[in-house]
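Me: I am new to this structure and would like to go through it with you. Could you begin with the terms?

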Amino acid sequence: MRLLITNCHIIDPSQDMDALCDILIEDRQIKEIHEHKTKGKAQKNNSEQKTSAREQEIIDAKGMLVLPGLVDMHVHLREPGFEYKETIRTGTEAAVHGGITSVCCMPNTNPVNDTPGITEFIIRKTIQEGSCSVFPIGAITKGQKGEELAELGMMHDAGCIAFSDDGRPVMDSLLMRRALEYSRIRKMLIISHAEDLALAEGGVMNEGLLSITMGLKGIPAQAEEIMIARDIALAELTGGRLHIAHVSTAGSVELLRTARKRGIAEITAETCPHYFSITEEAVSGYNGNAKVNPPLRTRKDVEAIRQGLHDGTIDVIATDHAPHHKDEKSAEFDNAPSGISGLETSIGLSMRLVDDAVLTLKELVGKMACTPARILGLSDTKGTLRPGADADLVILNTKKEYTVAASDFRSKGKNTPFEGWTLKARPAVTIARGRIYTWE
Amino acid sequence: MNLRSKDLISIKDLSAEEIGHILETAAGFKDVLGRDIKKVPALRGKTTVNLFYEPSTRTRTSFEVAAKRLSTDVINIATSTSSVVKGETLLDTAKTVLALGADIVVIRHKCSGTPHFLARNIDASVVNAGDGTNEHPTQALLDLFTMKEFKGGIQGLDVAIVGDILHSRVAKSNIYALTKLGAKVRLIGPPTFIPDCLKDLGVDIYTDMNAGLEGVDVIMMLRIQLERQGKGFFPSTHEYFRNWGLTAARVGRAKKDAIIMHPGPMNRGIEIASEVADSSRSVILDQVTNGIAVRMAVLYLVSGVRG
Amino acid sequence: MPKELLDKKDIERAITRMAHEIIEKNKGIRSICLVGIQQGGVHLANRLSAKLKEIEGSDIPVGILDISLYRDDLNVRKEQPVVRRTQVPCEINDRKVVLVDDVLFTGRSIRAAMDAIIDLGRPSAIQLAVLVDRGHRELPIKADFVGKNIPTSMEETVTVHLAGDGTEDRVVLE
């Protein structure tokens, strides 16, 4: 495969690049980048290409942004076991539709990904049916039961890029300590779903006046903050690498900020687009599509998350893509499963941070591609357009408004609280695994 | 005047005018209940379905009597014996009920928000008979009707609600209705049952029952669910009664002509002393009678709203 | 352009004549109960009762009857009728009930009133007194005592003002 993309406005923080270029892709890798330093030189290069005998495709990216393919380190692909909600095939289709070319899939499948066998299954399925790269995250504990460590080393050998019991916390502090200590054998990344189950028990939305007047059990912000404080302390104790998943409260951001100041080195954190875009009010009318864990919080928390992104306390934007079947989501609010199908609204929602001057374009791409790639140890090949890296990229149209319609989603999960929203950023072309996807 | 919505799901959605209209209509229906022939043909030919997912004798019977007095046909679906046990979804049950020709569906469910879901998905009128810990609008309406009957009006009335406010749909509907109509509401109980943020609803909060009952016109006692003891909301029923049980002495703190209310069923000796429940100030049985008149008014008024 | 059909004096004379007719037809006012239909018949019933007392010297029980729950057009009306009070202070069984209404038109209100009365008891007879009969009957209903017969067209409305102390009495056609 040989592809030339011309007139690329590249935003690539990994090369500190915000420039107009042409990109040459060959055999699934970035071969060359030519900056348009002067107009004349670019044309000269073009004609050089044209005289070459080899056949190539040309895409003109004029008027659009070209970014490294986004790296989403928190996605639920549901396979094996919950194929009625999503499969590796449909989930990765949704990813590339959203401009995401690498995903990390969480282990709360059925069976849980707590053995090399399941890890290998996921990798094999991806090769057969995946539209983009998939990096499995293995369970920390066997069956995610929170009782015994899973075979982290063997899973790592089989291809697990990080470990998490996501969906659930590791409640037992001693076990979490051991996991962080043991993970040091390969400097493995431990991703924490921070939720004190006792405080959160039975809760279905944020605790506050709204939950009381809706007659719904609430989850207090402290359920998240207590566990983040604990995990930070354990990371400090053990020297393990800790990544906090889906940060949602002002108090959590404050804890992370303090830890950062104190220089506890290997702690990183992510948040999701819904936590910087909507509040608990979205649940009004008992809208099951707004039911998510951690729950949507208050305006104060949303502001704090945005501030945390702005000042670098939060390193990564990930989706926590959690597709569910529509029958499940339209049950009674108490009984509906938590989760938002987020792969296909992520870039659109996140671009609003740039419009609102919370992040610069470069910072945005950093949080959605470069930094997650770095944390996962993939920065040679992913999250970058450096020559030699994988040819994973997205040509993004940021000029034309569109309306979010779940019926358009490639994901099986149509559960989004953003139905009907007007957004501006949408992939025009995504390139991943050697394939070019052109979107309407 | 018509109600604005075909459904009666929450007091939060009703204006003060609509509440007043329902109470006045209920007065007209109370007249009907005083006659020999306690029946009027107003809703003849309509079908009311009682869809009770939670067991309930008093509320269901009250709705059944009200519906029959209006000459509607009544179908009772008690879901413990129905297809719901076999796993039928709420939506499928609702559509089946509609296909049976229901004009009005009265629903009680342990999950908050269920009547809202139903109302969005079927054309019939939906009346909320209690959803989870959210609301019990007809209970609040009959409570207000009773207060009006004995006290003349709601504006400026001092009402104390005592007990597990957090989990009580009766308390919540009453708080919304009373504040909308200008009453002064006090909540009395342990902090585990009364979160601070409730102050934002415009009520006063007391943990000391003696201080809280000082000078009130109405004492509304709530039923304590004994399961809450196991979850740490209060240490024992003995301690609960000592601090927040309604004794004759505590009744003495209220105004001389204060009335005592309870949505029933009562836990004698836990939230209310036996002799107080049976005293002349108790209007608990009037609440039951008024419940039928109020529910007749509600059924009549919702069926008058056309799409 | 509204036109006054009856003024204060006309109404006073009509009520006097109707009262005499009631006494004549019933050979006295023993065992009669006046029942005014909400809302137009209530004031008229009170006036008739006062006039009968003036003439015969004894009190006549006066009740008010709300017929909204017996209407035959509940499914069709846009505005739902307001349910008002019904208070009939006397025993209906074996009594003569004189229904009182301000305007007799299609007759449907009277049909509803009769059903309502019969649910309250079994009167020995039901008679009907109206201030104005404007024609256009849709049911076989006839008034026993009529203040004035006024032919009208369907587009016109007849409004009877009878409240308070009688200074504002008039009947208006629009």
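Reply: Domain bounds here come from an automatic or database domain assignment. This is a predicted model, in which local features need pLDDT of at least 70, side-chain atom pairs count only at pLDDT 80 or more, and totals for chains, interfaces and linings use all residues. Residues are numbered from 1 along each chain as its sequence is written, and chains are lettered from A and ligands numbered from 1 in the order in which they are written.

Me: Which domains does the assignment give for chain A?
Reply: Chain A has domain 1 (2-66 + 394-438) and domain 2 (68-375). The centres of domain 1 and domain 2 of chain A, taken over C-alpha atoms, are 28 Å apart.

Me: And how many residues does each domain of chain A give to the contact?
Reply: Domain 1 of chain A gives 28 residues and domain 2 of chain A gives 41. Two residues are in contact if their C-beta atoms, placed from the backbone, lie within 7 Å.

Me: Switching topic, how much of chain A is buried?
Reply: Of its 440 residues, 57% count as buried, meaning that 20 or more other C-beta atoms, placed from the backbone, lie within 10 Å of the residue's own.

Me: What does the C-alpha trace of chain A span?
Reply: Along its principal axes, the trace of chain A spans about 70 × 45 × 45 Å.

Me: Which pair of chains has the most contacts?
Reply: Among the 2 pairs of chains that touch, chains A and B have the most contacts. No contact joins chain A and chain C, and their closest C-alpha atoms lie 28 Å apart.

Terms used:
A residue is buried if 20 or more other C-beta atoms lie within 10 Å of its own, exposed if 12 or fewer, and partly exposed in between; C-beta atoms are placed from the backbone.
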